[in-house]
Amino acid sequence: MVDTISPALARRIALAAQGFGVRSGAEPGTRQFNLLLRRLGLLQIDSVNVYERSHYQPVFARLGHFDKTLLDKLTYGSGVTEYWAHEASFLPVETLPLMQWRKDDYREYYAAHPDSWGASNATTLAWLLDELAAKGPMRASEIEHESNKRQGPWWGWSDVKRGLETLFRQGDVVSAGRVRFERVYALPAQVLPSAVLDRSVPRAEAVRELMSISARAHGIGTASDLADYFRLKQTDALPAIHELVESGELLPVAVPGWTKKAWLHRDARLPRRIEASALLSPFDPVVWERERALRLFDFHYRIEIYTPAPKRVYGYYVLPVLIDDRLPARIDLKSDRQSGVLRVQSAWAEPGLLPDDIPRIAALIRRSALWQNLPGDIVVADRGTLAPALRAELARA
């Protein structure tokens with residue numbers, strides 16, 4: 001007999017699994033970062049820095065004010081690595097062997113497509129490996145070569161960068177941390193522990209472990225939810241789900257209003273309430289799968305970074321606002337570091353906004369400005385249905 005989980009409880013389960021609703025008063029440090037990373041399984045990386053880089057914000061959302069240099073020591077250190085997990089992501093180094101099949105897929109793809117860049121630039125790839133072997137870990141900008149210059153527009157990569165990224169995707173090189181957010185590349189033996197180097201995991205077993213990590217991080221979800229966390233194909237994910245059900249790790253449940261089957265992780269918390277207030281990065285696991293965000297929160301979300309400015313509905317870098325177990329608002333933020341000002345470019349109320357939410361949102365914005373070390377005024381632009389009320393609340397002493 002399949003248990004029924006109400007939509008409201010499903011929301012709370014999902015948020016609890018993501019680390020919301022539990023916070024100590026002390027400023028977090030390395031131990032809390034490690035625990036959170038292993039709870040989430042990964043932190044997505046993105047270069048957009050208009051408000052804050054994507055991997056810092058989920059930590060702030062869950063743990064509160066923290067020193068970003070301490071998180072850098074973890075994410076750029078020996079216990080954490082990077083790979084294409086859910087897009088480019090930081091993940092615990094022990095997870096890396098579970099991605100070997102994906103590296104093999106990239107290698108096979110390049111080999112099967114002789115016109116691809118990787119297949120047609122074998123000499124460059126071999127030279128890059130020799131450079132790293134001779135000189136140790138390096139950034140792309142440190143490698144001297146006639147092709148180490150950008151091609152085309154400002155976002156274009158040099159052949160050196162393209163070569164390093166090709167080698168990175170297929171596992172011939174790995175991340176050795178970052179310097180001013182620029183990835184450092186290394187041969188695996190130069191930076192990875194022997195336990196990681198020597199571990200070989202068959203594809204089916206690796207996918208099952210990844211789905212287990214995903215299920216624990218979701219608490220509850222559909223097959224597509226669980227597969228998306230590590231960008232797995234359904235053909236790989238569904239057999240893993242069946243095995244996790246047989247082992248008792250996943251429990252089939254029904255959620256009224258959900259049109260697809262759902263599974264509950266056996267260790268998921270079932271809280272009666274969630275107390276939280278947070279700004280969610282566009283790349284936060286709570287909202288990065290847009291269909292799940294709509295199903296859980298009735299929140300239609302699309303990031304508009306790549307939309308021409310005149311066609312944007314809400315703004316450039318819009319962050320959903322979490323209040324308890326609801327998403328009652330969205331705010332477009334910009335950290336004006338030169339002026340020392342946090343700019344609310346627009347603020348929008350959702351249908352579920354309550355009057356008591358506005359002071360909590362204003363307090364959240366103030367905490368964000370403090371964390372961003374922006375001592376100036378918080379400037380609210382005259383755009384969005386929530387902007388006048390938020391400006392008035394922020395003006396209160």
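**Figure 1. The largest cavity and the classes of its lining residues.** In this predicted model, the lining of the largest cavity comprises 7 nonpolar, 2 polar and 1 charged residues. Here Ala, Val, Leu, Ile, Met, Phe, Trp, Tyr, Cys and Pro count as nonpolar, Asp, Glu, Lys and Arg as charged, and the others, Gly among them, as polar. The residues concerned are A14, L15, Q18, A217, H218, Y229, P285, V286, R292 and L296. Two or more of the lining residues come from each of the elements α1 (7-17), α11 (203-218) and α14 (290-297). Helices (H or I, at least four residues) and strands (E, at least two) are DSSP runs, numbered from the N terminus. The volume of the largest cavity is about 80 Å³, and the structure holds 2 cavities of 30 Å³ or more. A cavity is a set of points, on a 1 Å grid over the protein atoms alone, where a 1.4 Å probe fits but cannot get out; lining residues have an atom within 4 Å of a point. Grid points are joined across faces, edges and corners, and a volume is the space filled by probe spheres set on the points.

Residues are numbered from 1 along each chain as its sequence is written, and side-chain values use heavy atoms, with hydrogens and water left out. Because the model is predicted, local features need pLDDT of at least 70 and side-chain atom pairs count only at pLDDT 80 or more, whereas totals for chains, interfaces and linings use all residues.

**Figure 2. The second largest cavity and its lining.** This cavity has a volume of about 40 Å³. Its lining consists of F33, L36, L37, L43, V59, L71 and L74. By class, these residues divide into 7 nonpolar, no polar and no charged. At least two lining residues are supplied by each of α2 (30-40) and α4 (68-75). The element that gives the most is α2, with 3 residues.

**Figure 3. Residue N121 in a loop between two helices.** N121 lies between α6 (117-120) and α7 (122-135). The residue counts as buried because its relative accessibility is 18%; buried means under 20% relative accessible area, exposed over 50%, and partly exposed in between (1.4 Å probe, protein chains only). The side chain of N121 reaches the backbone oxygen of W117 at 2.9 Å.

**Figure 4. Residue V207 in helix α11.** V207 is found in α11 and is buried, with a relative accessible area of 1%. The C-alpha atoms of V207 and D236 are separated by 6.9 Å, although the two residues are 29 residues apart along the chain.

**Figure 5. Strand β7 and its two partners.** Of the 5 residues of strand β7 (residues 182-186), 4 are buried, and the strand is mostly covered. On pairing, two strands pair if DSSP finds at least two bridges between them. Strand β5 (residues 138-139) pairs with β7 in the antiparallel sense over 2 bridges, and R139 has V184 as its bridge partner in β7. Strand β6 (residues 174-179) is also antiparallel to β7, joined by 4 bridges; S175 stands opposite Y185 in β7. A hairpin is formed by β6 and β7, with 2 residues between them, and R180 in the turn has a positive phi of about 50 degrees.

Figure 6. Strand β13 (residues 326-336) and strand β14 (residues 341-349) are paired antiparallel over 8 bridges, and D332 has S346 as its bridge partner in β14. The hairpin of β13 and β14 has 4 residues between the strands, and G340 takes a positive phi near 70 degrees. Strand β15 (residues 378-380) runs parallel to β14, joined by 3 bridges, with R343 opposite V379 in β15. Together, β14, helix α15 (residues 357-371) and β15 make a right-handed β-α-β unit. A crossover is right-handed if, with the strands pointing away from the viewer, the path from the first strand over the helix to the second runs clockwise.

**Figure 7. An open sheet of 4 strands.** The strands follow the order β1-β9-β10-β8, and their pairing is mixed. The edge strands, each pairing on one side only, are β1 (3-4) and β8 (220-221). Between β8 and strand β10 (residues 262-265), the pairing is antiparallel over 2 bridges. I220 has L264 as its bridge partner in β10.

Definitions and conventions:
Polar contact = N/O pair within 3.5 Å; in protein donor to acceptor, adjacent residues only side chain to side chain. 1 Å grid on protein atoms, 1.4 Å probe; cavity = no way out; pocket = protein on both sides within 12 Å on 5 of 7 lines; lining within 4 Å.
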